[in-house]
Amino acid sequence: MTEILSFNNVTFSYTPDEKEARKAVQSVTFAVQEGEWIAIVGHNGSGKSTTAKLMSGLLFPEEGEVRVMREVLTEENLWKIRSQIGMVFQNPDNQFVGATVQDDVAFSLENNGVPYAEMVERVHDSLKQVKMEGFLNQEPHHLSGGQKQRVAIAGALAMHPKLLILDEATSMLDPQGREEVLNTVQALREKIGLTVISITHDLEEAILADRIIFMNDGKKYAEGTPSEIFALGEELIAFGLDLPFAMKMTKLIQAQGVQLVGQHMTEEELVNDLWTSNFNK
């Protein structure tokens, strides 16, 4: 597999000149392979949002290095590397600049000098990929939250990025909007092999990832598959994170004397186990 992004002993402080400056990110090391979905989780102030800014070149490390496409990220190559990264932020309203959906998706393409005919093709193709091709002439601010984020994803996809970063992109959405966005991202991974990094405090979202990086107090506290991270159980709660609904429900059911096989990360797993247990009886 090809390494698409890596942190090598990265440290950053917002007040580097102060003797006792708190490190927002401290000695963090990890690597992301092409085609992976990595979730970076942690409570507010854990360092996950600073990590997102470091990987996109909005900030540069005091120590260590960030590599994108195996190239050290610097001020000199920033714009070249950023052209290969798509970002979707927490509030889609802050990203819209066009009067219509198609104008908004075309904005970055126009700024990068993409020829008109190619620009039209990319706009239509990216909106089709997120199932928003029927909203070309709609005003973005009249869309639902989930639709807005799908348009924001289309705008990122139109630039043909190799890496998509979701920075708390579902935190302001209702359950339906959140499901729309996550289903879209999953479908894009399967269709075009997009590499995804999601910065989130929602462990229900993190379940979908191949690996989870758990941040605490600016450090990488743990890294592993969803099963390995959720096995930490009470440790996650102690650090201000909530367990997925299915895991909490499993504990409550087991406390009532119902025999279940292990822990369950998804509602589907829990329902299947309950069905099997009752059927066997």
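Predicted model: local features only at pLDDT ≥ 70, side-chain atom pairs only at ≥ 80, totals over all residues.
The bridge partner of I40 in strand β9 is I213. Strands β3 and β9 run parallel and are joined by 4 bridges. On another side of the account stands β10: strand β9, residues 211-216, pairs with β10 in the antiparallel sense over 5 bridges. Two of the residue pairs can be named here. F214 has A222 of β10 as its bridge partner, and M215 has K220 of β10 as its partner. The hairpin of β9 and β10 has 2 residues between the strands, and within this hairpin D217 takes a positive phi near 55 degrees.

Strand β9 is also mostly covered, with 6 of its 6 residues buried. From β9, the residues R211, I213 and M215 point one way, while I212, F214 and N216 point the other way, and all are buried.

The axes of α5 and α6 (residues 175-192) come within 8 Å and cross at roughly 25 degrees. That crossing angle makes α5 roughly parallel to α6, since angles under 35 degrees count as roughly parallel. The crossing in which α5 passes α6 is right-handed. On the α5 side, the residues of this contact are G146, Q147, Q149, R150, I153 and L157; they meet G177, E180, V181, T184, V185, L188 and I192 in α6. By type, the residues of the contact of α5 with α6 divide into 6 nonpolar, 5 polar and 2 charged. The spacing in such a list can be read against a general rule: an α-helix has 3.6 residues a turn, so residues three or four places apart point the same way.

Helix α5 holds a further residue of interest, K148. Is K148 buried or exposed? K148 counts as buried because its relative accessibility is 11%, and the limit for burial is under 20%. Leaving aside its neighbours within four places in sequence, K148 is in contact with P92, D93, F96, P140, H141 and L143.

Helix α5 (145-157) takes part in covering another helix too. In α3 (residues 101-111), the residues V101, D104, V105, A106 and L109 are buried, and what covers the buried residues of α3 includes α4 (116-129) and α5. After α3 comes G113, whose phi is positive, near 70 degrees.

Helix α1 (residues 48-55) is mostly covered, with 6 of its 8 residues buried. The buried residues of α1 are K48, T50, T51, A52, L54 and M55. This helix, too, is followed by a glycine with a positive phi: for G57 the value is near 80 degrees.

Positive phi values also occur in residues other than glycine. R70 has a positive phi of about 65 degrees although it is not a glycine. R70 is placed in the loop between β4 (63-68) and β5 (71-72), and it counts as exposed because its relative accessibility is 54%. K131, again not a glycine, has a positive phi near 60 degrees. The loop between α4 and α5 contains K131, which counts as exposed because its relative accessibility is 62%.

Methods. Residues numbered from 1 in each chain as written. Heavy atoms only, no water. Buried < 20%, exposed > 50% of the residue type's maximum accessible area, 1.4 Å probe, protein only. Contact = heavy atoms within 4.5 Å. Axes fitted to C-alpha atoms, helices over the stretch in contact; angles between N-to-C directions. Parallel < 35°, antiparallel > 145°, perpendicular 65-115°, else oblique. Left-handed = near helix turned anticlockwise from the far one by under 90°. Nonpolar A, V, L, I, M, F, W, Y, C, P; charged D, E, K, R; others polar. Pairing = 2+ DSSP bridges.
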